[in-house]
Each structure stands twice: as structure tokens, then as C-alpha cells.
Amino acid sequence: MVLIIKKINSFLNRITIFQAFSIFFIYSALLSLAIQLIILPFLGPPFSYGDGLLDGGDWQVIHDRASFIAGDIIIHGWNVWEFRPEGWGIVGLISAHYAFFELNKPFLLIPIFSGLHALGALCILKLMETLGIKRSTAFYSSIPYLIFPSSLLWVSQLLKDGFTLNGALLILLGLVLLFNYSKQEAIGIKIKNQILSAVLIFIGLIIIWTVR
């Protein structure tokens, strides 16, 4: 057992940021697919609202509004689409997907919600590394965020939480990188880190603004 753990730690210490993100993304996508296409259909009412949605929650309202708008787009054209209809950015995003594919199914959003969930976990990994923690330990530190019970909702259902939480984590990482630099760093590296920090903060703000 000890040998296996050492091999796993050795592997995790060698993985790249892209590989870590891929692991987080695949887990999130498979979890969402299992909940939407297997678990909820198997349970049926009163747990399942249909179309992979849990019965009882804001996601039902979001899905119904997005479906209605998508229907209008298909009939009248894209000129009726709004980015934030009545201030609901998430409805605008989902309705665009439904209309583009001409299919009102939440599983179409799995890549987006899984990508956001994976991005949040990656932010935690990077935050841990700024404290001087090795990558394997930082990887383990992100797991509670990935598997926390409430995350089953924001990664598999149509909620704003995945946008706001992961946008906030991006902003936090950007702020940490902005002020966490060594005096011994070359000026070129400092400038590069400052630009990266500004980009992360900007993207985080855009993600939150989109749904708020």
C-alpha cells in the first residue's frame, strides 16, 4: 500500500497543469452524465423533473425560461435572442445552446459546467502551490472541492453557483499572484506574472457578471 501511494504521489508531482485540469474535467463530466442520464432517470418522480434535472430548484425555472426563448429563436431568428434576458445571463447562455442545437436538453451544457468546475479545482491547486506545497499535496487539496456534496448540484444542474464560485476563485488566484512575487525574480517574469494576474481577475469578473 505504501509503495502504491508513493507511486501515485510521484505521478501527481509530474503532471502538468493541463493534465490536472483534464483529470478534473473528465471527473466532472462523467459525474454530470451519470446524474443526468442514469441516476435521475432511474429514480424517476418525485426526484426527477425530467431531462436530467432534479425536481425542485431554480434550475427548473432556468431550464423552462431558456427553452421558451430557444423556441422563439428557432421560430423568429437570432434577432430575438438577448445576452441577459431580464438580467438572467445564465438563461441567455443556455437558450443560445438550446437554439443552436435545436434541442432543449441540459446535457448540452455539461462541457461548460464541467469546465468551470475543473477550473475552480485547478485554482485551488495553484493557490496551494503558491504556499510552497508540492503538486501532489496541492492536487489532494482540490479534491474536497471537487466532491463536496453541494458540488453535485452546481456541476450537474443549471445553476449560477458554478459561475460565481469559480469566477471568485479565479479572482482570488489572480490577486494572490499579483502580490505574491519574489524580489529576486527577473523583471520579465514579474511583468509576465502581473499580466497573468490581471487576465485572471478580468476573466473572473466577466464570468460572475455574465450570470449576475
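Predicted model: local features only at pLDDT ≥ 70, side-chain atom pairs only at ≥ 80, totals over all residues.
Local features need pLDDT of at least 70, side-chain atom pairs count only at pLDDT 80 or more, and totals for chains, interfaces and linings use all residues. Residues are numbered from 1 along each chain as its sequence is written, and side-chain values use heavy atoms, with hydrogens and water left out.

Start with the largest nonpolar core, which has 46 residues. Such a core is a set of buried (under 20% relative accessible area, 1.4 Å probe, protein chains only) Ala, Val, Leu, Ile, Met, Phe, Trp, Tyr and Cys residues joined through side-chain atoms within 4.5 Å. Phe 24 is among the members that touch the most others. H5 gives the most to this core, with 9 residues. Helices here are DSSP runs (H or I, at least four residues), numbered from the N terminus.

Phe 24 touches residues including Ala 121, Leu 125, Phe 139 and Leu 146; contact means heavy atoms within 4.5 Å. Those four residues also take part in the contact between H5 and H6.

H5 (residues 110-130) and H6 (residues 135-147) pack at about 140°, axes 8 Å apart. Axes are lines fitted to C-alpha atoms over the stretch in contact, and angles run from 0 to 180 degrees between N-to-C directions.

Trp 78 is partly exposed, at 43% relative accessible area (between the 20% and 50% limits). Trp 78 touches Ile 73, Ala 96, Ala 99 and Phe 100, leaving aside residues up to four places away in sequence.

Methods:
Helix = DSSP H or I, 4+ residues; strand = E, 2+ residues; numbered from the N terminus.
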